[in-house]
Amino acid sequence: MNKSSTRFLSLDVFRGMTICFMIIVNTPGSGAAPFSPLEHATWHGFTPTDLVFPSFLFAVGNAMSFSMKRYQELGNTAVLGKIFKRTLLIFLIGYLMYWFPFFSFKGGHVSLSPIANTRIMGVLQRIALCYCFASLMIHFLSKQSVVILSVLLLIGYWILLLVFGDPNDPLSMTGNAGIFLDKFILGDSHMYHGEKIAFDPEGILSTLPAIVNVVIGYYAGKFIQQKGKGYDTIAKMLLTGALFIFLALCWNMVFPINKKLWTSSFVLVTTGLDLVILSFLVYALEINNWNKGNWTRFFTILGKNPLPIYVLSEILVIFFYMLSVKGTSFYDWINTSLYQVIAPGAIGSLLFAISYMLICWCVGWLLDKKKIYIRV
């Protein structure tokens with residue numbers, strides 16, 4: 001996510017907004033049911049929270065539309081080196097983040113946390129793989145070939161789920177082809193267990209359609225750069241976004257919108273909404289300059305250091321759980337003793353999530369003030 005000499009405020013704000021809401025939805029307060037819009041759909045269906053992660057991938061594609069210009073001046077060996085190096089680093093950071101804090105403390109003894117129980121796939125790992133394959137496609141293939149391959153990924157994923165899933169219910173959590181592949185390659189102990197079973201929403205097979213989120217984000221960013229900040233640009237993006245949403249709703253009747261399976265209809269509805277949101281930002285910020293008071297800086301601060309701020313948000317919450325206050329974790333204690341007292345129920349949960357995001361924002365503000373921008 002490198003800077004370019006030509007920046008578009010709308011793209012920077014979009015990326016910052018994505019980081020902001022990703023932190024909020026990932027850290028709801030405890031002691032009460034989360035604020036309902038901050039919850040993912042249980043299985044089939046869609047909530048505002050389901051838009052956050054695919055928007056991050058869309059933003060990765062936006063950033064690639066700037067950085068990949070320089071790849072055209074390099075040889076294939078250098079390009080491959082850069083792509084694979086960045087992929088490996090992001091994947092490794094994601095893996096180490098799940099292994100953290102590396103040591104366990106029980107009965108006064110310190111022991112190394114077993115790698116055998118560490119989750120292999122995850123959010124950053126999916127970002128790394130999607131970035132890798134999208135970069136290779138865009139650099140080595142023509143635009144027409146990239147479009148055809150993207151369509152094949154969406155349709156092919158649908159076919160794979162139907163053919164290799166449980167014949168009785170190929171789109172169920174326990175009967176989809178993705179969980180079968182993950183268990184075969186990764187094993188239960190290396191998968192996500194947040195659903196009370198070994199099921200990874202960022203699994204191997206469902207990474208295939210997620211690549212298309214990055215590809216569409218790339219071409220959206222490139223289109224804005226080529227066509228400029230005009231009404232024609234936002235009109236075409238709005239129409240394309242509306243078309244994607246319409247196709248997603250039609251496909252939803254036979255291939256349901258599902259974030260945890262990352263269905264092809266989910267790809268279309270999220271990229272469609274991202275195009276609509278980005279169109280509004282271009283209209284508001286690039287055409288009408290609705291930036292009185294420089295309010296956009298709140299989001300651009302997060303967008304300038306997206307990776308370190310996201311990692312911080314995941315690591316810091318682990319420390320909150322590790323610290324003990326009056327026999328309970330600091331995370332639970334501050335929620336029950338402060339936020340649930342101020343505003344009992346879901347509102348208190350939301351207030352904690354916003355407060356936690358603001359702590360991470362302050363770190364981003366400090367990094368920006370010192371002109372420190374950490375990238376891989």
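Colleague: Where does Gln 340 lie?

Modeller: Gln 340 lies in helix H12, which covers residues 330-342. Helices are DSSP runs of H or I with at least four residues, strands are runs of E with at least two, and both are numbered from the N terminus. This is a predicted model, in which local features need pLDDT of at least 70 and side-chain atom pairs count only at pLDDT 80 or more, while totals for chains, interfaces and linings use all residues. Residues are numbered from 1 along each chain as its sequence is written, and side-chain values use heavy atoms, with hydrogens and water left out.

Colleague: Is Gln 340 buried or exposed?

Modeller: Gln 340 counts as buried, at 13% relative accessibility. Buried means under 20% relative accessible area, exposed means over 50%, and partly exposed is in between, with a 1.4 Å probe and protein chains only.

Colleague: What lies 2.7 Å from a polar atom of its side chain?

Modeller: The backbone nitrogen of Gly 345 lies at that distance from the side chain of Gln 340.

Colleague: And which backbone nitrogen lies 3.5 Å from the side chain of Thr 49?

Modeller: That of Glu 39, which lies 3.5 Å from a polar atom of the Thr 49 side chain. Thr 49 belongs to the loop between helix H1 (9-26) and H2, and Thr 49 is buried, with a relative accessible area of 2%.

Colleague: Next, confidence. What is the mean pLDDT of the chain?

Modeller: The mean is 90, and 95% of the residues reach 70 or more. The pLDDT is the predictor's confidence in each residue, from 0 to 100.

Colleague: Where is confidence lowest, and where is it highest?

Modeller: Confidence is lowest in strand E1 (residues 103-106), at a mean of 70, and highest in helix H5 (residues 143-164), at 96. Over residues 1-6 the pLDDT is below 50, and this stretch has 17 contacts in the model beyond near neighbours in sequence. A contact means heavy atoms within 4.5 Å. Where pLDDT is low, the predicted coordinates should not be read in detail.

Colleague: On to salt bridges. How many does the structure hold?

Modeller: The structure holds 8 salt bridges. A salt bridge is a side-chain nitrogen of Lys or Arg within 4 Å of a carboxyl oxygen of Asp or Glu.

Colleague: Which residue forms one with Arg 297?

Modeller: Asp 368 does, with the closest N and O atoms 3.0 Å apart. Arg 297 lies in helix H10 (residues 297-304) and Asp 368 in helix H13 (residues 346-369), so this pair ties together parts that are 71 residues apart in sequence. Arg 297 is partly exposed, with a relative accessible area of 32%, whereas Asp 368 is buried, at 4%.

Colleague: What does Asp 368 meet in a salt bridge at 3.2 Å?

Modeller: The side chain of Asp 368 meets that of Lys 304 at this N to O distance. That pair also links distant parts of the chain, as Asp 368 in helix H13 and Lys 304 in helix H10 are 64 residues apart. Lys 304 is partly exposed, with a relative accessible area of 26%. Elsewhere, salt bridges that share partners join Arg 119, Asp 200, Glu 202 and Lys 259 into one network.

Colleague: How many residues apart are Lys 236 and Asp 232?

Modeller: They are 4 residues apart, about one turn of the helix, and both lie in helix H8 (residues 231-251).

Colleague: Changing topic, how many disulfides are found?

Modeller: A search of the whole structure finds 0 disulfides; a disulfide is a pair of cysteine sulfur atoms within 2.5 Å.

Colleague: Lastly, how many residues of H4 are buried?

Modeller: H4 is mostly covered, with 14 of its 18 residues buried. The end C-alpha atoms of H4 (residues 123-140) are 26 Å apart, which agrees with the 26 Å that its 18 residues should span at 1.5 Å a residue. The expected span is 1.5 Å times one less than the number of residues.

How values were computed
A polar contact is a pair of N or O atoms within 3.5 Å; within protein, one must be able to donate a hydrogen and the other to accept it, and residues adjacent in sequence count only if both atoms are side-chain atoms.
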